[in-house]
Amino acid sequence: MCDRTEGWISGLQLAALALKSSGDVARFIRQFDGHQHQISNYLLEEVFRHLSDELRAFLLRTSILSRMNQDLCEAVTGHANSQAYLQQLEQWNLFIAPLDDRRNWYRYHQLLSDFLQRLFAQSAPEDWMLAHARAAEWLERHGFEEDAARHYLEGRQYDGAVRVIENHLQAFLQKKFATLSRWILQLPEPFLSKRPMVEMFYLLLLIGIRQWDKAHARAEQAKRRYENLKGQMDEAEWNRIMGNLYFVCASASYFQKDLDRVSAYFELADRYTPEGGFLQAIGDNRYSGYEEFEDHMSFINDYRAAAAFLLKWTTRWAHQKGHPFAGRLYASYSMLLYEWNRIEEAERCILQVLLPHDTELNTRTLMQIYIAGSRIQQTLGNPAAAAELLKRLEGRIESPDYALFRRKIEAEKACLAVRQGALDAAAEWLERCGMASTDEVSLNGVAEYIALGRVLAACGRTEEAWSLAERLQQLFRQEDRLRDRIRILILQSAIMHRAGRTKEAFDLLTTALRLAEPQGFVRSFVDEGRGMAELLTAYASAHQGPSIGNAHDVPLDYVHRLLRISE
């Protein structure tokens with residue numbers, strides 16, 4: 001109870017008064033939250049109504065402020081005696097707390113602030129909105145942009161809100177990404193179209209919350225609107241807007257899985273912003289964002305089309321390693337080549353962005369590049385180099401979300417330990433990773449849970465691995481994630497094989513092979529090691545005799561190719 005009243009002695013006194021009138025003392029103590037009907041009545045009847053009209057008006061209008069000084073209070077109330085009211089309230093030691101030694105800044109206790117704001121909003125809604133507008137204008141003039149944006153929104157002054165947001169968009173993106181996202185989703189759509197960069201960030205947010213059809217339609221509308229303004233705007237500004245907007249259109253097309261259209265929009269974006277647009281770097285040093293789509297090869301199911309797209313753009317940006325998207329596409333192309341077992345080509349590709357050069361790469365790009373490089377080095381027979389790359393990655397992360405990125409690296413290190421046969425290190429990670437097979441799974445953070453399933457299986461915790469794999473498989477079928485679905489099928493077949501359940505293992509492997517063969521998957525099978533080689537051998541042998549499940553649907557030469565590579 002003390003925490004809920006901020007340790008405020010007067011608050012505890014009010015709680016005690018309410019407690020006396022309660023018929024069930026124990027129940028009241030359990031439910032007390034500082035908003036009980038009795039407390040509100042007490043404040044209203046025993047304190048608030050005895051104040052002067054002027055002081056009541058002052059309290060109501062300034063209750064909207066999270067912090068206040070004399071000038072801000074005068075801007076909100078329109079009266080010049082605010083400092084006297086602030087000092088009087090502090091002398092009473094009842095409602096207010098100073099925030100500095102000079103008594104310049106104050107705030108109301110939370111109980112009083114909540115009570116006054118409810119009363120103000122209910123009794124004078126127009127004055128409530130006007131107070132927020134006045135507060136926002138003062139805060140904007142004095143450089144308190146975040147507070148100004150919040151008050152503009154509260155007061156439904158949307159023109160002011162979008163102006164502040166666009167003028168300080170980059171700063172908000174770096175420091176207040178989640179807050180900024182919440183603000184923009186509160187804005188009515190007609191106001192968004194008045195500020196191009198805010199509108200485009202809104203479109204990216206629609207993608208982030210999986211409203212892909214809406215994002216695609218809105219992006220196309222915005223594109224047509226701004227294309228019609230050519231010649232009516234400053235040319236440099238129009239080029240900047242169009243370069244960013246074509247990138248948004250490319251992103252919307254990507255989520256429609258239309259790589260041809262993505263490439264066409266990349267061409268246009270490259271024409272107007274050849275060094276990459278502002279929006280392409282949004283959130284690059286933060287863990288949040290579009291994590292579920294960062295790995296291109298987990299979302300695009302057509303590997304042949306993806307290869308053509310990635311080759312085109314890695315070639316195009318071969319001399320623009322600093323382009324915001326270049327590093328990610330190099331990482332994706334190297335992992336596609338890796339999956340096809342074109343290991344030397346994969347290494348040459350990743351070295352293009354892994355070797356030191358003049359451009360400083362962002363954290364999310366570094367994650368993709370170094371993890372790809374580590375997997376390639378392990379397959380090339382350089383386990384020390386594979387581990388060293390992950391260690392170097394940890395040292396290069398500069399992000400407010402360092403701990404969250406570190407968690408992803410630790411999961412990759414655990415998988416590397418399994419491949420290197422260091423099961424003690426893998427088991428140690430299981431004990432400290434903070435994840436469990438019973439956790440709810442979603443596409444954000446899915447790489448760590450795939451790693452968890454693989455390590456659980458390798459460490460003999462079969463039931464946990466199977467339970468997690470079943471839920472991941474359901475998620476991947478639902479989300480049409482072909483590559484991840486194949487990988488979990490492979491894991492499940494290996495689990496069944498270790499358990500001696502040959503029929504189930506063959507059935508699962510058949511499905512995995514049938515899905516994987518048209519896309520040319522190799523390393524997803526081979527990297528499972530000796531156990532998968534034994535399963536494939538048994539599968540091929542059974543295929544020569546009586547049909548096992550749907551084994552006849554799988555080309556036998558594909559199975560033999562996997563076995564040859566496994567040797």
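UniProt, in an unreviewed entry, lists residues 209-239 as a "coiled-coil region". UniProt positions follow the numbering used here, feature names are shortened, and annotations may be inferred rather than shown by experiment. What does the model show there? The span is 68% helix and 0% strand. Its end C-alpha atoms lie 28 Å apart. Helices here are DSSP runs of H or I, at least four residues, strands are E runs of at least two, and numbering starts at the N terminus.

A word on the basis. This is a predicted model: local features need pLDDT of at least 70, side-chain atom pairs count only at pLDDT 80 or more, and totals for chains, interfaces and linings use all residues. Residues are numbered from 1 along each chain as its sequence is written, and side-chain values use heavy atoms, leaving out hydrogens and water.

Next, a helix pair. Helix α14 covers residues 196-208, and helix α16 covers residues 235-254. They pack at an angle of about 10°, with axes 10 Å apart. Axes are lines fitted to C-alpha atoms over the stretch in contact, and angles run from 0 to 180 degrees between N-to-C directions. So α14 and α16 are roughly parallel, a label for angles under 35 degrees.

Who meets whom? From α14, the residues include Met197, Met200, Leu203 and Leu204. From α16, they include Arg240, Ile241, Leu245 and Val248. Contact means heavy atoms within 4.5 Å. The contact residues divide into 10 nonpolar, 2 polar and 1 charged. Ala, Val, Leu, Ile, Met, Phe, Trp, Tyr, Cys and Pro count as nonpolar, Asp, Glu, Lys and Arg as charged, the others, Gly among them, as polar.

Now the core. The largest nonpolar core has 182 residues. Such a core is a set of buried Ala, Val, Leu, Ile, Met, Phe, Trp, Tyr and Cys residues joined through side-chain atoms within 4.5 Å. Helix α16 gives the most to this core, with 11 residues. Leu513 is among the residues with the most contacts inside the core. Leaving aside neighbours within four places in sequence, Leu513 contacts residues including Phe525, Tyr539 and Leu562.

Last, two single residues. Is Ser334 buried or exposed? Ser334, in helix α20, is buried, at 0% relative accessibility. Buried means under 20% relative accessible area, exposed over 50%, partly exposed in between, with a 1.4 Å probe and protein chains only. Arg61, in helix α4, is partly exposed at 24%. Beyond four places in sequence, Arg61 touches Val76, Thr77, Phe120, Asp127 and Ala131.

Notes
Angles under 35 degrees count as roughly parallel, over 145 as roughly antiparallel, 65 to 115 as roughly perpendicular and the rest as oblique.
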